[in-house]
Amino acid sequence: MGFFTDTSVCIGCKACEVACKEWNAIPEDGLTFTGMSYDNTQGLSADTWRHVAFIEQRKPLGMQDPGMDYGDVDYSGVDVLGLASENDARGDFRWLMASDVCKHCTHAACLDVCPTGALFRTEYGTVVVQSDICNGCGYCVPACPYGVIDQRKDDGRVWKCTMCYDRISDNLEPACAKACPTDSIQYGPLDELRERAAARVDQLQEAGVHDARLYGDDPDDGVGGNGAFFLLLDEPEAYGLPPAPVVTTKDLPSMWKHAGAAAATLIGGMAAVYAWSRR
């Protein structure tokens, strides 16, 4: 099971942030003015498991082809609400709004480095932290290629999205998907979501939104595909996402292999020296 977040229909209402906090009893993370558009939470953290970004760009309304006549594009039936313009359809300012979340990687480095088993993979393929087992070592924080996992300052334990494990275990939608008024956040079987997402990209491409693309949907990428993937309207870097994420523990097997070979060589050498000295 997983999330498909269609940023093209995100309206920045932050209903997902509020629903996530209310259902999971997450502490407030400060109501300060950051100066970053209408974004008061800045990014994912131990106290923000869903984060709605407001990315301001000086670009035409979704059209990246300078030779295209805006009047030739029919937007009927294509609810591109996320492409808000300051003036009119010919304006050069837009907001890219996107609700970010833990990616629930297929090859999750956080699982590899956790020494206590606090992080585990559920029967739905999602990755969850058991806060009562976490010892606050923080090894998982730098291991995450997306910078999702974070520690709370009061006790050092790590927290992140659980995809509402308690809700989906009772056949309920995660709180964020349930609260989303535009169905920007969709929950369901990953195979079905990938098919739906591919069709949505085709729809947007046909409408002239040539930068529409999927991110994190490929099972053959550096993390084996994400359990939470996105439809983006610009390069991943514009959203603060790594363009080609790779599981940070991919070299661990070879490292252990070389370390084992080195240890065996050292032991063998010591045994040879000891045998020679006994002569």
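User: Let's start with Asp211: is Asp211 buried or exposed?

Analyst: Keep in mind that this is a predicted model. The cut-off for buried is under 20% relative accessible area. Asp211 has 16%, so Asp211 counts as buried.

User: And how does Arg213 count?

Analyst: Arg213 is at 22% relative accessibility, so this one is partly exposed. Arg213 and Asp211 form a salt bridge, with 3.7 Å between the closest N and O atoms. Salt bridges with shared partners tie Asp211, Arg213 and Glu235 into one network.

User: How many salt bridges does the whole structure have?

Analyst: The search finds nine. One of them pairs Asp234 with Arg94, at 3.5 Å between the closest N and O atoms. That pair links distant parts of the chain, 140 residues apart: Asp234 is in the loop between β11 and α7, and Arg94 is in strand β4. Asp234 and Arg94 are both buried.

User: Now the empty space. What shows where it is left?

Analyst: Rolling a probe the size of a water molecule over the atoms does that. Here, the largest pocket has a volume of about 300 Å³. Its lining has 22 residues, and those nearest the centre are His51, Ala53, Asp100, Tyr239 and Gly240. Strand β2 gives the largest share of that lining, four residues. Asp100 also forms a salt bridge with Lys103, 3.0 Å from N to O.

User: Which residues are closest to the centre of the largest cavity?

Analyst: That cavity holds about 100 Å³ of space. Closest to its centre are Cys102, His104, Cys105, Cys110 and Cys144, out of 15 lining residues. The lining divides into eleven nonpolar, two polar and two charged residues.

Terms used. Residues are numbered from 1 along each chain as its sequence is written. This is a predicted model: local features need pLDDT of at least 70, side-chain atom pairs count only at pLDDT 80 or more; totals for chains, interfaces and linings use all residues. Side-chain values use heavy atoms; hydrogens and water are left out. On a 1 Å grid over the protein atoms alone, a cavity is a set of points where a 1.4 Å probe fits but cannot get out, and a pocket is an open set with protein on both sides within 12 Å along at least five of seven lines; lining residues have an atom within 4 Å of a point. Grid points are joined across faces, edges and corners, and a volume is the space filled by probe spheres set on the points. Helices (H or I, at least four residues) and strands (E, at least two) are DSSP runs, numbered from the N terminus. Ala, Val, Leu, Ile, Met, Phe, Trp, Tyr, Cys and Pro count as nonpolar, Asp, Glu, Lys and Arg as charged, and the others, Gly among them, as polar. A salt bridge is a side-chain nitrogen of Lys or Arg within 4 Å of a carboxyl oxygen of Asp or Glu. Buried means under 20% relative accessible area, exposed over 50%, partly exposed in between (1.4 Å probe, protein chains only).
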